[in-house]
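Dear colleague,

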Amino acid sequence: MIYESIIIGHITKDFNTDHLGNTIEQYGGAVLYSSASAVGLGHRVAAVTKLPESEKARLSALAVGEENIFCTWCDSPSNMVNVYLTADKERRNSTCSSVGTPFTADDLPETRAEIYHFAGLVFGDFNGELLKAAAKMGKVAVDVQGFLRHVNPADGKMFFEDWAEKKELMPYITFLKTDAAEAEILTGTDDRKEAAKIMHSWGAKEILITHNTEVLVYDGKEFYTCPIKARNLSGRTGRGDTTFAAYICERLSKNIPEALLTATATVSLKMETPGPFSGTRADVEKYIADFYG
């Protein structure tokens, strides 16, 4: 079977504290949130991850089903501590208490996919050779967080730094996802449209930039935007992952405006409830009819 998307990334154990001081422990990570939205919309998706065998219970959190999980046992898991500073969860302090073992080309399954989605958490999860290997097999989709967010080995605190290899590796990328802050780090401008133009000029084919008000896509010719309609932000965590996975899978059969609408409606609905997206395509279509009609 050829999958529509193979999503590569670590499942984290997250310790999340909101702005009121309430703390919950849950599984997270871009691979978890990404796979949930793609599967919810009915796409054929697999997940590639790495875990110590003692942490194999984390696999049950993936929405793709056991038969679609490709897991390599490793020495180090990924654990995160997030302290949200505001009610809208736009600002947070994050610490990585354990960095997951990096992925290599040997971790890619023999089973093929139309899209190889790199859902990284921190710098070092992936390297350039892995992206190049995937580009020989299908379209490459990159969430740039995994190339900008670094971990201080002394205390686990995370910080953002520009991607040194961006101009070398952008030509291998079909779909590139950033948020507004990451786009500014990469390009030096806080104008999202200008940032998208710059990143496209470096070789990425379609740029998707998330913001708390809208999602923007640029294909080198036109800009497309769609507003986020979430009625509350209790499920803010995983916004970008949910959007990106939905968008790239929808793009395999739809034009940009259609894929963007479905992805933005999916994340709007997801943001109203904590945790990964748990709805269906029918739920998203109803949400579109109710709030985007």
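The notes below take the salt bridges and then the pockets.

Please keep in mind throughout that this is a predicted model.

Salt bridges

A search across the whole structure turns up 14 salt bridges, and I describe a few of them here. Side chains of opposite charge can pair when their charged atoms come close. One of the pairs is E55 with R58, whose side chains meet at 3.0 Å, N to O, and both E55 and R58 are buried.

In a second pair, the side chains of K166 and D162 form a salt bridge at 2.7 Å, N to O. K166 has a relative accessibility of 10% and therefore counts as buried, since the cut-off for that class is under 20%, whereas D162, at 34%, counts as partly exposed.

K286 is exposed, because its relative accessible area of 53% is over the 50% cut-off, while D290, at 45% relative accessibility, counts as partly exposed. Beyond these pairs, salt bridges that share partners link K13, E55 and R58 into one network.

The largest pocket holds about 850 Å³ of space and is lined by 36 residues, of which R92, Q145, R149, D179 and R236 lie nearest its centre. Two or more lining residues come from each of the strands β2 (12-17), β6 (78-84), β7 (92-98), β11 (158-160) and β12 (175-179), and from each of the helices α1 (30-40), α5 (180-187) and α7 (239-251). Of these elements, α5 gives the most to the lining of the largest pocket, with 4 residues. By residue type, that lining divides into 11 nonpolar, 12 polar and 13 charged residues.

The second largest pocket holds about 280 Å³ of space, and its lining is made up of 18 residues, with D18, I24, K89, S234 and P274 nearest the centre. The elements that give two or more residues to this lining are β2 and β3 (23-28), and β3 gives the most, with 3 residues. The lining of the second largest pocket divides into 6 nonpolar, 10 polar and 2 charged residues.

With best wishes

Methods:
Residues are numbered from 1 along each chain as its sequence is written. This is a predicted model: local features need pLDDT of at least 70, side-chain atom pairs count only at pLDDT 80 or more; totals for chains, interfaces and linings use all residues. Side-chain values use heavy atoms; hydrogens and water are left out. A salt bridge is a side-chain nitrogen of Lys or Arg within 4 Å of a carboxyl oxygen of Asp or Glu. Buried means under 20% relative accessible area, exposed over 50%, partly exposed in between (1.4 Å probe, protein chains only). On a 1 Å grid over the protein atoms alone, a cavity is a set of points where a 1.4 Å probe fits but cannot get out, and a pocket is an open set with protein on both sides within 12 Å along at least five of seven lines; lining residues have an atom within 4 Å of a point. Grid points are joined across faces, edges and corners, and a volume is the space filled by probe spheres set on the points. Ala, Val, Leu, Ile, Met, Phe, Trp, Tyr, Cys and Pro count as nonpolar, Asp, Glu, Lys and Arg as charged, and the others, Gly among them, as polar.
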